[in-house]
Amino acid sequence: MSSSVALLVGVVVGLVVGVLVATLLVRPRRPDPERVAPSDGPAPEAVLSRRLLDLIDPAIVLLDADDVVLLANPAARSLGIVRQTRLLVPELLELARAVREDGRRRAEVSLPGAVVGGGPRQVGVLGVRLERGSGPAPGPVALVLQDVTEARRVEAVRRDFVANVGHELKTPVGALSLLAEAIEDAADDPETVRRFASRMTHEADRLARLVRELIDLSRLQGGEPLPELVPVDVDTVIAEAVDRTKLAATAKQITIVSGGESGLVVRGVESQLATAVTNLLANAVSYSPENTRIAVGARARAGFAEITVTDSGIGIPREDRSRVFERFYRVDQSRASRTGGTGLGLAIVKHVATNHGGSVSVWSEEGLGSTFTLRIPLVRAAPEPAGDAPAEHDLAGGPSAADAPEGRS
């Protein structure tokens with residue numbers, strides 16, 4: 001929800017709370033509105049207001065002049081910020097005191113993980129002082145809380161993305177400019193010109209790869225609609241990925257070995273799946289020493305085809321494993337510069353998996369290597385007609401994917 005929408009919701013809720021408080025104050029010592037017996041006539045105004053507060057998403061807390069909680073809807077109590085009649089977050093209590101003086105205030109407050117459970121949450125808070133009419137005593141304060149954690153995370157990712165794109169583009173562009181000047185100065189030295197021209201080709205390839213992967217990532221993130229998902233042979237995807245990576249592996253004398261179950265069929269886009277597996281293999285080649293082996297294979301498990309890529313490379317430190325699928329994130333910046341990586345390959349793999357209803361995960365130990373697992377839903381074959389001999393079943397719960405009729409899913 002955007003900040004403007006959240007603000008509008010907060011204002012509306014503030015008005016509703018005002019009606020409820022006014023009703024409660026005018027008629028003290030009345031039974032709890034939630035316990036009022038239903039009648040054939042219209043429901044009391046307080047009951048309707050309380051029901052509305054219980055149903056809306058924003059968390060609502062009503063505090064009296066002594067910071068005692070008069071009312072907290074289920075959304076507020078589920079956040080863990082209220083215990084009986086106490087508000088547990090000091091920042092919210094300070095905000096409520098400021099609202100009593102100013103009448104109205106907006107702020108963002110960080111709720112600690114120990115209170116809300118899980119990780120910390122960022123909430124936008126609208127505080128409104130509710131007047132008692134002609135009464136001399138100060139009115140209660142209503143706090144309307146809207147969770148903005150995800151919105152702030154997206155904003156941070158966007159800022160990092162723009163900064164990283166600028167840095168990554170600046171590196172090859174700057175290199176090309178310097179090399180062009182060097183070639184101009186060395187026009188009379190053919191050997192130097194050839195050396196610099198070769199380096200320019202390398203930087204141009206790196207720039208082209210970066211632009212291509214940025215375009216691919218933009219498409220995968222929703223810039224374009226996902227093409228129709230059709231049955232795709234996993235063996236074909238793996239063979240294509242191995243063929244694309246063979247040249248780079250041969251240059252480092254790395255052997256790529258294929259294995260696992262054959263005949264698996266998934267529902268997806270073949271070009272995207274081939275790109276994802278290629279990126280996993282290219283990543284394994286880049287971070288594996290010479291004269292080693294990389295294994296790629298597939299198996300059926302719990303309705304998914306699991307495509308694994310295992311290497312004997314340098315491994316990933318524990319603190320970095322949760323971040324390797326972020327855009328432009330690199331475990332070793334200096335090594336990434338030598339390999340010419342863009343830092344987008346694993347981010348593309350993650351988005352391909354998500355768009356196909358699957359997932360990607362990593363197991364790794366430093367010095368032992370890494371195993372990346374791409375999980376894509378298997379195609380479920382049509383049931384066999386009654387009376388026929390039972391067919392061999394795979395782990396997806398249907399007949400073997402290899403025997404599935406062509407064009408069926």
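Reader: Fine, so what is in the chain overall?

Author: Bearing in mind that this is a predicted model, the secondary structure of the chain comes to eleven helices and 14 strands, and buried residues make up 40% of its 409 residues.

Reader: In what order do the strands of the open sheet run?

Author: The order is β9-β11-β12-β14-β13, which makes five strands, and their pairing is mixed. Strands β9 (255-260) and β13 (359-365) each have a single partner strand, so each is left with one side that has no neighbour in the sheet. On average, and with direction ignored, neighbouring strands here are turned by 15 degrees against each other.

Reader: And how many bridges join β12 to β14?

Author: Seven bridges join them, with β12 covering residues 304-310 and β14 covering residues 369-377, and the two strands run antiparallel. Valine 309, for instance, stands opposite phenylalanine 372 in β14.

Reader: Which strands does α9 lie across?

Author: Helix α9, which spans residues 270-286, lies across β9, β11 (293-301), β12 and β14, and it runs at about 175 degrees to β14.

Reader: Changing topic: is aspartate 311 buried or exposed?

Author: Aspartate 311 counts as buried, because its relative accessibility is 7% and the cut-off for buried is under 20%. Aspartate 311 lies in the loop between β12 and α10 (333-339).

Reader: What does its side chain reach, and which residues does aspartate 311 touch?

Author: The side chain of aspartate 311 reaches the backbone nitrogen of glycine 313 at 2.8 Å. Leaving aside residues up to four places away in sequence, aspartate 311 touches Ala284, Ser288, Arg293, Ile294, Leu368, Gly369 and Ser370.

Reader: Back to the helices, then: how do α8 and α9 cross?

Author: The axes of α8 (residues 234-251) and α9 come within 8 Å and cross at roughly 35 degrees, and the crossing is right-handed.

Reader: Which residues meet there?

Author: From α8 they include Val237, Ala241, Thr245 and Ala248, and from α9 they include Leu273, Val277, Leu281 and Val285. By class, the contact of α8 with α9 has eleven nonpolar, four polar and three charged residues.

Conventions:
Residues are numbered from 1 along each chain as its sequence is written. This is a predicted model: local features need pLDDT of at least 70, side-chain atom pairs count only at pLDDT 80 or more; totals for chains, interfaces and linings use all residues. Side-chain values use heavy atoms; hydrogens and water are left out. Two strands pair if DSSP finds at least two bridges between them. Helices (H or I, at least four residues) and strands (E, at least two) are DSSP runs, numbered from the N terminus. Axes are lines fitted to C-alpha atoms, for helices over the stretch in contact, and angles run from 0 to 180 degrees between N-to-C directions. Contact means heavy atoms within 4.5 Å. Buried means under 20% relative accessible area, exposed over 50%, partly exposed in between (1.4 Å probe, protein chains only). A polar contact is a pair of N or O atoms within 3.5 Å; within protein, one must be able to donate a hydrogen and the other to accept it, and residues adjacent in sequence count only if both atoms are side-chain atoms. A crossing is left-handed if the near helix is turned anticlockwise from the far one by less than a right angle, and right-handed if clockwise. Ala, Val, Leu, Ile, Met, Phe, Trp, Tyr, Cys and Pro count as nonpolar, Asp, Glu, Lys and Arg as charged, and the others, Gly among them, as polar.
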